[in-house]
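Hello,

Here is the structure we talked about, with the sequence alongside. My notes on what was found follow below.

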Amino acid sequence: EDLCDDVIKYMFFIFGNSMLIDSFVKPLKTMLNKIGITDEMIERKEELPMKRDITKDEFNTLMGTIIDTLSKKIPEVLKILLKLLYESVNKHFTIDKDNYGPLYTSLIFNFLISPRIQMLYSINPLNCIFVRSLNRLLRNTCFNFKFADGDPLAVFYDNIEKNHKKLKQLIKDKII
């Protein structure tokens with residue numbers, strides 16, 4: 001099981017690295033620089049503006065870029081790998097036909113926002129509330145989950161729902 005996970009992760013890194021950079025790293029770094037958060041600040045664990053949270057417009061802009069770029073640049077080998085993963089999960093487990101959770105897990109969690117990848121590209125959610133919130137929003141977007149009442153990100157539910165539909169459509173159109 002661990003060997004299979006490692007092979008899938010390495011396949012994503014080998015074949016999807018430029019897609020990762022174009023869809024996630026560059027847009028995020030550009031946005032962070034625009035709001036005054038640099039790599040050096042993240043590495044030094046500076047306080048301000050590290051405590052600045054993500055806005056709805058920033059989240060929608062990043063999600064739009066991520067989804068559009070994934071749609072245009074996902075390599076064929078990764079499409080095939082994800083489709084095989086989807087078919088295998090459906091064959092061996094009882095899940096709904098349009099449940100793309102395993103694909104979101106492989107593509108988003110094990111690749112785009114994996115701790116190893118974020119460390120490699122100096123994206124540190126531990127030192128930056130903006131990145132930590134973005135990671136939480138991405139997780140909830142994938143599964144269309146609401147945040148608990150009182151959570152500062154609970155106000156994003158409409159954005160989460162809208163972007164979940166776009167992400168689901170990307171999987172249907174480009175993978176399945």
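**Notes on the model**

C142 is buried, with a relative accessible area of 1% (buried means under 20% relative accessible area, exposed over 50%, partly exposed in between, with a 1.4 Å probe and protein chains only). This is a predicted model, in which local features need pLDDT of at least 70 and side-chain atom pairs count only at pLDDT 80 or more, while totals for chains, interfaces and linings use all residues. Residues are numbered from 1 along each chain as its sequence is written, and side-chain values use heavy atoms, with hydrogens and water left out.

C142 sits in helix α7 (helices are DSSP runs of H or I with at least four residues, strands are runs of E with at least two, and both are numbered from the N terminus). Apart from residues up to four places away in sequence, C142 touches Y104, I108, F109, H164 and L167, where contact means heavy atoms within 4.5 Å.

Because 9 of its 12 residues are buried, α5 is largely enclosed by the rest of the structure.

**Helices α3 and α8**

Helix α3 (residues 56-73) packs against helix α8 (residues 157-175) at an angle of about 0 degrees, and their axes are 10 Å apart. Axes here are lines fitted to C-alpha atoms, for helices over the stretch in contact, and angles run from 0 to 180 degrees between N-to-C directions. The angle therefore makes α3 roughly parallel to α8 (under 35 degrees counts as roughly parallel, over 145 as roughly antiparallel, 65 to 115 as roughly perpendicular and the rest as oblique).

On the α3 side the contact is made by K56, F59, N60, M63, I67, L70 and S71; on the α8 side, by N159, I160, K162, N163, K166, L167, L170 and K174. By class, the residues of this contact are 7 nonpolar, 4 polar and 4 charged (Ala, Val, Leu, Ile, Met, Phe, Trp, Tyr, Cys and Pro count as nonpolar, Asp, Glu, Lys and Arg as charged, and the others, Gly among them, as polar).

Also in helix α3 is E58, which counts as buried at 11% relative accessibility. Leaving aside neighbours within four places in sequence, E58 is in contact with M31, I35, R52, D53 and F130.

**D22 in α1**

D22 belongs to helix α1 and, at 22% relative accessibility, counts as partly exposed. Not counting residues up to four places away in sequence, D22 touches P27, T69 and K73. The C-alpha atoms of D22 and I66 are separated by 8.3 Å, although these residues are 44 apart along the chain.

**Two loop residues**

Most residues other than glycine have a negative phi. S122, in the loop between α6 (115-120) and α7 (129-143), has a positive phi of about 55 degrees although it is not a glycine. N144, in the loop between α7 and α8, likewise has a positive phi of about 55 degrees and is not a glycine. S122 is partly exposed, with a relative accessible area of 25%, and N144 counts as partly exposed at 25% relative accessibility.

Regards
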